[in-house]
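Here is a set of questions and answers on one protein model. Please look at the sequence and the structure before reading on.

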Amino acid sequence: MKLYADTPVRRTRQVAGDLLFVLWLVLWVYVAGVVHDATTELADPGRQAERAAERLSGGLGDARDSLADVPLVGERVAAPFDLATDASDELAQASRDQVRAVESLAFWLRLSIATMPTLLVAAFYLPGRVRFARRASAGQRFVDSADDLDLFALRALATQPMHVLARVSDDPAGAWRDRDPAVIARLAELELRSVGLRPPR
């Protein structure tokens with residue numbers, strides 16, 4: 001797989017583009033981490049409320065058990081503590097639910113912030129890089145010697161703009177049919193450069 005062009009200018013652009021893409025990816029992963037951490041901190045009051053409610057529930061339960069042992073009136077005196085313990089348990093559960101909701105929000109925020117910008121840029125940048133790698137890799141297999149230039153010259157006749165072909169020869173197709181080596185070499189060079197390759201020496 002050929003990832004970078006042989007020509008220096010195009011290769012430099014490709015390397016710079018790849019580095020910028022990686023930096024863009026790292027930047028948004030970092031931003032997503034910062035947002036995740038900041039959002040997770042919003043769950044701290046919920047955790048504190050959960051711990052306080054659990055301590056309160058435990059204390060009320062102990063008090064209820066102590067009062068229940070009082071003869072004759074123990075059960076009636078302990079009954080309000082049962083209600084208070086239930087209320088504390090509900091408060092603790094509500095706090096746990098709030099913490100889970102904040103953690104879920106933090107997770108989805110992190111995921112969306114990390115992926116959306118990178119996917120947007122990747123959708124525009126990566127197809128061109130993949131297309132180049134496929135074309136250059138396929139072309140590289142045919143560039144072994146000067147004898148292979150004929151194929152690239154033919155492709156240049158089919159794909160290069162007319163004004164570019166006119167700079168090579170007044171009749172590039174006729175010169176190709178006559179197997180003019182100079183015209184074939186120039187046509188092949190045009191096509192090879194378009195796919196990021198250098199002609200063989």
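Q: Which residues have the most contacts inside the largest nonpolar core?
A: The model is a predicted one. Its largest nonpolar core has 18 residues. Those with the most contacts inside this core are L187, L192 and L197.

Q: Which helix supplies the largest share of this core?
A: Helices α3 (74-140), α4, α5 (162-168) and α7 each supply at least two residues of the core. The largest share is five residues, and the helix it comes from is α7.

Q: What does L197 touch, leaving aside its neighbours within four places in sequence?
A: L197 is one of the residues with the most contacts inside the largest nonpolar core. Its contacts, with those neighbours left aside, are K2, D6, A136, G139, Q140, V143 and L192.

Q: How many helices and how many strands does the protein have?
A: Read along the sequence, the elements follow the pattern α-α-α-α-α-α-α. The count is therefore seven helices and zero strands.

Q: Are α4 and α7 roughly parallel or roughly perpendicular to each other?
A: Helix α4 covers residues 149-159 and helix α7 covers residues 181-194. Their axes are 7 Å apart and meet at an angle of about 70°. Angles of 65 to 115 degrees count as roughly perpendicular. The two helices are therefore roughly perpendicular.

Q: How many nonpolar residues are in the contact of α4 with α7?
A: On the α4 side, the residues that meet α7 are L149, D150, F152, A153, R155, A156, L157 and T159. On the α7 side they are I184, A185, L187, A188, E191 and L192. By class, the contact has one polar and three charged residues, and the number of nonpolar ones is ten.

Q: Is Q14 buried or exposed?
A: Q14 is in helix α1 (residues 8-41). Not counting residues up to four places away in sequence, Q14 touches L3, Y4, A5, Y125, R129 and F132. A residue counts as buried under 20% relative accessible area. Q14 has 8%, so it is buried.

Q: How far is the backbone oxygen of H36 from a polar atom of the side chain of T40?
A: T40 has its place in helix α1. Not counting residues up to four places away in sequence, T40 touches R47, V102 and A106. The distance from the backbone oxygen of H36 to the polar side-chain atom of T40 is 2.7 Å.

Q: How far apart in space are P8 and G196, C-alpha to C-alpha?
A: P8 is found in helix α1 and is partly exposed, with a relative accessible area of 42%. In sequence, P8 and G196 are 188 residues apart. In space, C-alpha to C-alpha, the distance is 9.4 Å.

Q: Among contacts between residues at least 6 apart in sequence, what percentage join residues at least 24 apart?
A: The protein has 201 residues, and buried residues make up 32% of them. Among contacts between residues at least 6 apart in sequence, the share that joins residues at least 24 apart is 71%.

Conventions. Residues numbered from 1 in each chain as written. Predicted model: local features only at pLDDT ≥ 70, side-chain atom pairs only at ≥ 80, totals over all residues. Heavy atoms only, no water. Axes fitted to C-alpha atoms, helices over the stretch in contact; angles between N-to-C directions. Helix = DSSP H or I, 4+ residues; strand = E, 2+ residues; numbered from the N terminus. Parallel < 35°, antiparallel > 145°, perpendicular 65-115°, else oblique. Contact = heavy atoms within 4.5 Å. Nonpolar A, V, L, I, M, F, W, Y, C, P; charged D, E, K, R; others polar. Core = buried A, V, L, I, M, F, W, Y, C linked by side-chain atoms within 4.5 Å. Buried < 20%, exposed > 50% of the residue type's maximum accessible area, 1.4 Å probe, protein only. Polar contact = N/O pair within 3.5 Å; in protein donor to acceptor, adjacent residues only side chain to side chain.
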